[in-house]
Amino acid sequence: MTEQKGLAPAAGLTWARMCKECGQGHEGQDSHLYDYQEEVDDELVCHICLQPLLQPMDTPCGHTYCLQCLSSFLRDQDFCPVDRQRLQLQQCRPSSLLVRNLLDKLTVLCPFYSECQQSMQRCELQPHLHNRCPAFRRLREEAERRKRPCWNELKGSKTEGESDTKSNPALTRTVNPCGPPEPGLVNPAFEEGEDEVPLRSSLVAEANVVELFRDEPEEDLGLRIVGGKDTPLGNIVIQEIVRDSVAARDAKLAPGDHILEANDVSLTSVLHGHAIAVLRRPCSVLRLTVMQEKGFKPRLEHHTQSSASPPGHPAHTLHNPGTVIQVTLVKRDRSEPLGIKLIRKSEEPGVFILDLLAGGLASKDGKLRNNDKVLAINGHDLRHGTPESAAQIIQASEVRVNFVVMRHLDTEEGGDMQSRGARRVPETQYFRRHSTFMKDPPGGFSSQEKTVSLKKEPRQSLGITIAGGRDCRSRLPVYITSVQPVGCLHRDGTIKPGDVLLSINGVDLTHLTYNEAVSSLKTQAALSAVTLRVIRTITEEEEEDGDAANKEEMDTLENPREDDINWSPLWTRWLGLPSHIHWCRDIVLLKTNNESWGFSIVGGYEESRGQQPFFIKTIVPGTPAHFDGRLKCGDEIVAVNGATTVGMNNSSLIPMLKLQKNKVTLTVVSWPGSLV
């Protein structure tokens, strides 16, 4: 057993010199310092720093070290510190989840224990400091008060439309504990506000383990995935959860979650295709380690605390496309029904109020309305929930049931005169990209056109099946899903599944609906001579990767099984397509105060890859981008308020976003994530 020495409180420690993760004063490159309350087993101690492991890494020879300790050691040496066997950092792997959980559960004292008298598990120290520790909060407020006068001098008087409500200074926004931003990262979700309105109570993310149980080992999970080290996003991110799927029934995952591991296989720095292959491996139980944003529930708590509206006029915050409202229903006893019918909608995820039964508690209260979208009940996030899970939460509640709902603007104005169940949000307008938005694909991606000319019998089939079309949900171009052995194109061998159709016999197919494309293909295929033009994305990693196992893995992903009627290309197959094939849509976000827009972006100029497009990487719960619901992780931003982002770097895009006080129009291209 290793005895841990208590750390003396850092007398005179300033906010600038304090580590925002462990609360101690140390150099930025040094390991975090903790005051362990109990002795720690030697098996959990690093052999280099002789302290409990931080980000433990296992070597092939069976030893475990802190990631930072081992990295520093191997900069000068090329052997294991214990047995001196040859070693490189690339050979090491993160320790098992069991070891990391044991380390996270070690009990530590708050560095300000003399004032707050709190001890906790090591993994809980950072949330404690940022949300509950009075000494940490006091230092933060003192630092903010020192810098606030210069903001006020620059700002002058409040502009029209800004919130007049002054909040308690104790609730001032938490400083982002994640340290300096990554290169190329624009992060409007974590911008400082210009007044004392608290933007977020907490933006702390935490790693969780989620187990998904399949009825059949090869059953789809129902997740759409974006990202990978071969893309600007870097991480593997959940873009969307398919309704009624394994993941939807489990209800523990959400769009925006970053997948770190799948059945103990690390996905933190892998190619997109490899991650998809790992997630598609047949198994009855898939154990995912995910990093999840925990900003939603604290947002509700702040909303409750700051509410000053009189009874019958619930406080609300305007977010496009509607108003967020909190309603509390009080039952006479636990068994009293609320009189609410809940449904799902085909065009939008989540739970909606279909009807309020006459004479029921909700109807008498009068604050909930038909077509309200239920965001949360008693703090349980239902943005991607089901009516069944909502009913279970209501049944398990005591006498008070707290609803947070979103009401569309036209519902607010029209009230009950609106027809029940009518669609409240107009269809998004898609349009062909203007020439001012022309740009190159992300670094590492390009496209290759292929032309096939063949002579055939007039009645002989081309032997291809297609999908997509500008009337499909994602407004995709028409692409090939299979090449049948009976057709003439199969013998030629040039056309492959995933190829995007450009034209047939000179007839443009890039802007047709599915039915229009089918009709054109049938008409032209009836001729004896056919010339078909297609295009497909190619990547540098594909061309450079000579590993036979990886090539076999990618071939399996790119070639659908005969019984796979829902096959679609990987997300990366869309990224290299030229701009004239992209279709854009405008998303207008609104807000009524100086809070952030609620999304982070990667892209801009990168030294290794040059100019990169800007992609949405994170959408923060409880923000305008989250409540709007249309932005997705992996979306590409091509213009802001009509101004192209081509050629922009962070220093030009950040001010543009900051200048938009209450409204911003984002022009985006959205490709569907890879389905697993």
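**Overall fold, cores and a buried strand**

Of the contacts in the chain with a separation of 6 or more, 66% are between residues 24 or more positions apart; contact means heavy atoms within 4.5 Å. The model is predicted: local features need pLDDT of at least 70, side-chain atom pairs count only at pLDDT 80 or more, and totals for chains, interfaces and linings use all residues. Residues are numbered from 1 along each chain as its sequence is written, and side-chain values use heavy atoms, with hydrogens and water left out.

The chain has 18 helices and 34 strands. These are DSSP runs numbered from the N terminus (helices: H or I, at least four residues; strands: E, at least two). Of the 676 residues, 50% count as buried. Buried means under 20% relative accessible area, exposed over 50%, and partly exposed in between (1.4 Å probe, protein chains only).

The largest nonpolar core has 36 residues. Such a core is a set of buried Ala, Val, Leu, Ile, Met, Phe, Trp, Tyr and Cys residues joined through side-chain atoms within 4.5 Å. Those with the most contacts inside it are Tyr 34, Leu 70, Cys 110, Phe 112, Leu 129, Cys 133 and Phe 136. Two or more residues come from each of β3 (64–66), α1 (67–76), α4 (125–131) and α5 (134–155). Helix α5 gives the most, with 4 residues. A second, separate core holds 26 residues, including Ile 236, Ala 248, Val 270 and Leu 288.

Strand β24 (residues 476–483) is largely enclosed by the rest of the structure, because 8 of its 8 residues are buried. Strand β23 (residues 464–469) runs antiparallel to β24, and 5 bridges join the two. Strands pair if DSSP finds at least two bridges between them. Ala 467 stands opposite Tyr 479 in β24. The hairpin of β23 and β24 has 6 residues between the strands. Within this hairpin, Arg 475 takes a positive phi near 55 degrees.

A search of the whole structure finds 0 disulfides, a disulfide being a pair of cysteine sulfur atoms within 2.5 Å. For Cys 80, the nearest cysteine sulfur is that of Cys 61, 3.7 Å away. Cys 80 is buried, with a relative accessible area of 0%. For Cys 92, the nearest cysteine sulfur is also that of Cys 61, 7.8 Å away. Cys 92 counts as buried at 4% relative accessibility.
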